[in-house]
Amino acid sequence: MQTYAQLVPLMILIPSIGAFINFFWGARVGEKWSSRIGIVASALTFVVAFLLFSYLTNNHNEAVIVNPAFLDGWIRIGNSVEIPWQMRVDTLSVTMMMFVSFVATLIHIYAGGYMHGDPRFTRFFAYLNMFLAFMFVLVSGNNYLMLFVGWEGVGVCSFLLIGFWFDKPDGVGWKNSNAARKAMIANRVGDFGMLMAIFLIFWTFGTLDYYKPGEIANVELAEEQAEEAAAEPSEAVVTEGEAVVAEGEAVVAEAVVEGEENVETAAEETGEGEAAAPSYTNNDHIETAQLGVFGQAERMIEEGYEVDFGPFSLPIQTVIVLITLFLLLGATGKSAQIPLFVWLPDAMAGPTPVSALIHAATMVTAGVYMMVRSNVLFVNAPLTSFIVTMIGAATAIIAGFIAMGQWDIKRVLAYSTISQLGFMVAAVGVGAFGAAMFHMVTHAFFKALLFLGSGSVIHGMEHGHHHVHAHGHDDHHDGHDDHHDDHHEEEFDPQDMRNMGGLRSKMPITYWTYLFGTLALAGIVPFAGFWSKDEILADSWLAGLYGTTGLQQFAGFIALGILIAAAGFTAFYMWRQMELVFYGKPRTKAAEAVEESVPSMTIPLVILGFFSIFVGFINTPSEFLGLSNIFGKGNLIHFLEYSLVNVHPYAPLGGIFNPLIGFAALGLGVTAIFLARSIYGHGHALTPNTADGKDPLAANPDTGAVWNLANARMYWDETYYRLFEGPFNRLSRFLADTLDWDFWHDYVHNVVIAKGFNAIGNLLSQPVDLGLIDGIVNGVGRLATWISGRLRRAQTGYVRTYAITLLLGVVFVIIVLLLPMLQRNG
Amino acid sequence: MVGTEAYVVLSMVLFILGAMGVLLRRNAILVFMSVELMLNAANLALVAFARQWGASDGHLFVFFVITVAAAEVAVGLALIVAIFRTKKSIDIDELHQMEG
């Protein structure tokens with residue numbers, strides 16, 4: 001059984017290999033095999049994820065920490081810094097892996113059809129697989145640094161894929177690459193927060209691990225289950241003696257989640273403490289320094305620990321508030337929350353499969369995953385939780401509002417994604433971590449479905465447009481008509497919903513699946529969104545009622561009110577989209593010529609449509625309509641309980657579903673749908689002339705101003721431009737023109753550096769080189785001449801002189817030779 | 001029998017005479033003869049010591065010296081003849097063209 005958990009490195013390895021093959025041999029293997037490699041890699045990760053899931057369910061959902069082979073540690077500096085490359089297989093990470101790999105596989109299949117004929121087809125699949133690899137690094141890591149590696153990796157892939165069509169003509173490519181840069185820059189702000197949080201965590205706790213090996217994540221649950229398990233065998237012990245004790249132990253070991261602990265419990269009762277292996281239902285036996293971040297945080301709060309920052313120190317609660325605020329900043333970047341959400345709508349410049357996979361289903365949920373993973377910290381930081389709730393709720397309603405005024409089919413979905421992420425973040429804020437995960441999973445399915453559906457529509461519109469265009473050339477050889485046609489060609493936007501209409505009969509599969517996605521997103525019973533959204537609402541209600549502080553209660557009620565309104569917005573803008581795209585009559589020739597997409601695109605739609613209906617039942621509320629008898633009660637919540645200490649707020653106080661709130665939200669949703677139908681449906685749809693197409697709400701003087709505000713996206717980008725970009729540009733212009741060019745180049749370079757260089761050069765060449773160096777060299781020469789002039793006098797030329805010199809020399813040599821002899825004798 | 005000391009003293013006297021001749025005379029022929037004197041002084045000393053120690057090395061050496069001296073005389077006289085032909089003189093004080 002242990003072997004299954006050891007498979008987890010494959011989650012990263014398989015897509016890495018896929019990306020590697022596609023990067024280096026993609027062009028050689030061709031389009032067909034390139035997509036096959038990508039799809040198979042993705043599908044294999046799902047298989048591995050499923051094996052991990054089955055491992056967990058067969059092993060009492062006990063978390064396993066895996067040290068991948070050949071990777072002995074990761075960062076090790078002396079004895080103080082040790083960050084291992086450890087992978088955590090627990091219920092939370094496996095939940096993420098399951099839905100990410102499943103949705104990714106379908107999107108890979110879809111992309112094979114959608115990207116057909118693209119000149120960089122293989123690179124697209126390489127990027128997708130690379131994204132998957134980094135996503136699994138993100139979710140499977142057991143420490144914040146691995147999370148950060150994945151976090152940055154998916155950010156890079158996001159950048160590459162948003163700007164995938166950077167070379168489109170007529171300035172479109174420029175727009176695409178700008179969108180990619182915008183995403184990158186907005187995320188840099190968030191990453192600053194992540195880094196600060198990681199530094200603070202490391203400073204405070206001396207480790208980045210979530211939990212160390214052997215640590216129990218949810219102590220309460222473990223103890224509860226140990227007690228339950230202990231209750232039964234103890235009776236047996238009393239009545240029947242030792243033989244049964246052994247049996248009782250065996251029963252315990254099988255029946256209980258944290259198997260070993262119960263052996264101890266049973267053993268204590270029979271007085272055989274030593275015989276049983278030491279095992280625990282809590283972490284009291286581990287030293288504080290040996291615990292992971294969360295365990296240490298809880299202990300430090302109990303002890304009232306002060307964190308030393310050199311010149312000052314702060315109480316641990318304050319530090320946790322700081323850490324969580326920085327984490328929140330990171331999450332607002334990656335999960336597109338106020339104030340950093342502006343990049344996500346622009347990110348729709350990427351190919352639609354990318355929007356579906358990265359910017360709707362998986363990557364953008366990384367921020368929420370990170371906060372859910374850090375639930376212990378967030379629960380212990382009431383102030384941050386309040387801010388998180390407010391940010392989530394505000395994002396949910398503002399993005400929902402903006403979505404009502406958009407014409408671009410993908411932009412509506414982008415704002416919808418931001419809005420739904422706001423729901424999840426608000427859920428984290430009120431402490432409903434399980435509900436946030438639940439909504440994340442269901443949202444991944446139906447939002448991927450909607451994006452893929454919109455991609456199918458766009459694809460159809462493009463083909464329809466080309467079709468019409470081609471016929472235009474065939475039919476008219478008249479110069480004027482051609483010219484008119486070409487002009488029209490440039491203006492045509494296949495994503496503009498004003499150009500669509502009446503696609504229901506042209507694309508039946510896309511229509512039906514899109515309808516399911518819409519109903520799921522709008523929260524209509526029994527589609528998936530209903531269950532997950534209403535769990536968030538119910539948990540907000542619980543937080544409002546039973547919150548331990550006034551702040552929590554306030555946040556809970558505020559979140560409930562805002563989120564219900566946002567749910568109404570959701571239903572409205574989604575049905576507006578349905579009416580504009582699928583109902584009514586085609587408003588352009590292109591829309592008339594639309595055909596259904598290829599099977600490789602529609603099959604994933606059908607599968608996702610199926611899941612959009614049924615995926616909500618993975619977490620059926622416990623006391624509702626008897627559904628729990630069929631699908632089980634709150635399965636996801638109970639599954640997650642093993643990794644999350646705080647699955648939902650104030651758990652014992654109520655269920656995870658509140659019929660009153662649920663049906664209030666449902667009623668509001670249905671009302672919003674009928675409202676949207678009365679405004680956009682029937683004969684009230686847009687005029688056929690697309691250029692003048694005006695939204696009925698804009699045409700109405702009462703609502704025109706509000707609609708225009710939504711259409712202008714609340715001037716959010718413009719405000720940022722005024723507040724940040726304008727001053728930044730002015731500052732950089734000042735720095736470039738005045739400071740850099742005038743001062744630095746003209747003055748510093750020309751005057752200070754060039755002239756100074758000349759002066760020093762002169763000094764060195766004239767006095768130093770010519771005077772000093774040459775003087776020394778010439779002096780040596782002159783000295784040699786002078787000495788040799790003296791010496792040559794010795795050469796007289798007279799033989800006599802040489803003879804006497806020779807004689808004296810011989811005498812001298814003899815004296816030297818004889819001297820030691822004389823001394824010896826003397 | 002005359003003692004070795006006497007031979008050595010005689011050899012010394014002959015050597016000094018030869019040396020003085022080389023240093024003081026200006027006639028090249030005489031300088032040459034003085035050189036021969038010095039060589040033979042040395043020969044005398046060698047022979048004397050050879051007799052003293054009863055070793056034949058000294059005698060052997062003397063023969064070499066006499067041979068070399070003969071060769072030297074031949075070369076030296078030829079040089080002197082050559083000098084005389086160019087200078088019309090054999091006064092060695094006039095031969096100082098090598099002066100530095």
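Predicted model: local features only at pLDDT ≥ 70, side-chain atom pairs only at ≥ 80, totals over all residues.
Which residues is Val428(A) in contact with, leaving aside its neighbours within four places in sequence?

View 1. Once neighbours within four places in sequence are left aside, Val428(A) is in contact with Val368(A), Met371(A), Val372(A), Phe378(A), Val388(A), Phe433(A) and Ala436(A).

**View 2. The largest nonpolar core.** This core holds 239 residues, and those that touch the most other members are Val103(A), Val368(A), Val428(A), Ala436(A), Ala448(A) and Leu563(A). Helix H18 of chain A, which spans residues 433-475, provides the largest share of this core, with 18 residues.

**View 3. Domains of chain A.** The domain assignment divides chain A into domain 1 (1-142), domain 2 (143-203 + 318-711), domain 3 (219-269), domain 4 (725-795) and domain 5 (799-826). Between domain 1 of chain A and domain 2 of chain A, the C-alpha centres are 25 Å apart.

**View 4. Where domain 1 of chain A touches domain 2 of chain A.** Here 35 residues of domain 1 of chain A are in contact with 47 residues of domain 2 of chain A. On the side belonging to domain 1 of chain A, the elements that give two or more residues are helix H3 (91-114) and helix H4 (121-140) of chain A, and the largest share, 16 residues, comes from H3(A). Sorted by class, that side of domain 1 of chain A has 26 nonpolar, eight polar and one charged residues.

**View 5. The contact of chain B with chain A.** Eleven residues from chain B and twelve residues from chain A take part in this contact. On the side of chain B that touches chain A, the residues divide into six nonpolar, three polar and two charged.

Note on methods: Residues numbered from 1 in each chain as written. Chains lettered and ligands numbered in written order. Core = buried A, V, L, I, M, F, W, Y, C linked by C-beta atoms within 7 Å. Buried ≥ 20, exposed ≤ 12 C-beta atoms within 10 Å, placed from the backbone. Helix = DSSP H or I, 4+ residues; strand = E, 2+ residues; numbered from the N terminus. Contact = placed C-beta atoms within 7 Å. Domains from an automatic or database assignment. Nonpolar A, V, L, I, M, F, W, Y, C, P; charged D, E, K, R; others polar.
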